[in-house]
Amino acid sequence: YLLTTVVASRSPRGDVSQLKTALGQSVDFVVLMYAARHLERIVAASGFPSVVIYGDAAASRPNAWTIPFALAEPVATFASHCRNAGVQSVTEVRVSGCMWVSAAEELKAAGIAVRQLVIEPDSTYGRPEGIERAALTAFLGMKKSDFPDLFVFWDDFVAQGALTALLRNGVRIPEDVKVVVQSNKGLGPVFPQSLTRFECDGAAVGEKVAAFVLGVLAKGRLPPVPRISPAYVFGKTFPWV
């Protein structure tokens, strides 16, 4: 099979011309990397079978599937870790448009206060750099008196900018504040200490998706839909006590 990668905006007002052009060709299967209902409608109109990763949009038609991003188990482990470590307050930091599900419900059920902080990317730069720079600026101006017991960063670029700012301000981790990040295996964020993290293994995810798609294309018995779940990995920024 020839794999063609096209870019389509996750915003309903964004550019979807590459996707529409690609769907005008002979296509056996479509893989949507993120749920976006306007993109699923375009794919559904093409009639081609498809799978959506990280979302639920594909549930709208019979020849489409969803590979869920299962966070329940790692989030439950994280909430238990916070409770056992005596954490009383958590600030969740995310970038606007972030796909991650909040852990606030589980934390609040454990008696932990939760605050949300949203970072708006600096539009003068490309998205990765704009996110990192905006997080750097936000955390450089933050006072220690405003710190929770723990920061959880639901974006790796947000985490990199914030961690750089915390280091520059002389903040000790985990003594002054504990930190948990979202991370992709083999990539950042980069920090002098090992990071406690929700770690996604992109290579393993790719193998699961490929096996499922090839199973569907084989026209035999449908393979079971796989689950994608990050691992909660203990590091020195929020060690197991």
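Author: A polar contact here is a pair of N or O atoms within 3.5 Å; within protein, one of the two must be able to donate a hydrogen and the other to accept it, and residues adjacent in sequence count only if both atoms are side-chain atoms. This is a predicted model, in which local features need pLDDT of at least 70 and side-chain atom pairs count only at pLDDT 80 or more, whereas totals for chains, interfaces and linings use all residues. Residues are numbered from 1 along each chain as its sequence is written, and side-chain values use heavy atoms, with hydrogens and water left out.

Reader: What makes D201 a cap of the N-terminal end of α7?

Author: A side-chain oxygen of D201 lies 3.2 Å from the backbone nitrogen of A203, and the cut-off for such a pair is 3.5 Å, so the distance falls within it. Helix α7 covers residues 202-217; helices (H or I, at least four residues) and strands (E, at least two) are DSSP runs, numbered from the N terminus. After α7 comes K219, whose phi is positive, near 65°.

Reader: How do you know what span to expect of α7?

Author: The expected span is 1.5 Å times one less than the number of residues. For the 16 residues of α7 this gives 22 Å, and the helix reaches 22 Å from its first C-alpha to its last, close to that expectation.

Reader: Why is F212 called buried?

Author: Buried means under 20% relative accessible area, exposed means over 50%, and partly exposed is in between, with a 1.4 Å probe and protein chains only. F212 has a relative accessible area of 2%, and therefore counts as buried. Contact means heavy atoms within 4.5 Å; leaving aside neighbours within four places in sequence, F212 is in contact with V51, W65, P223, P224, V225 and P226. Other buried residues of α7 include V205, V209 and V213, and what covers the buried residues of this helix includes β1 (30-32), β2 (50-53) and β3 (64-67).

Reader: Is E199 buried or exposed, and what does its side chain meet?

Author: E199, in strand β8 (residues 196-200), has 16% relative accessibility and so counts as buried. Its side chain makes a polar contact with the side chain of R197 at 2.9 Å.

Reader: What makes β5 and β9 edge strands?

Author: Two strands pair if DSSP finds at least two bridges between them. The open, mixed sheet has 6 strands in the order β5-β4-β6-β7-β8-β9. In it β5 (113-119) and β9 (231-233) each have a single partner strand, so one side of each is left without a neighbour in the sheet.

Reader: How do you know that β6 and β7 pair?

Author: There are 4 bridges between β6 (residues 150-153) and β7 (residues 178-184), which run parallel, and since at least two are required, the two strands pair. In β7, V180 is the bridge partner of V152.

Reader: What makes a set of residues a nonpolar core, and which residues have the most contacts inside the largest one?

Author: A nonpolar core is a set of buried Ala, Val, Leu, Ile, Met, Phe, Trp, Tyr and Cys residues joined through side-chain atoms within 4.5 Å. The largest has 25 residues, and those with the most contacts inside it are V93, F139, F151, F153, V158 and I173. At least two residues of this core come from each of β4, β5, α5, β6, α6 and β7, and α6 gives the most, with 6 residues. A second, separate core of 17 residues includes V75, A79, V180 and F198.
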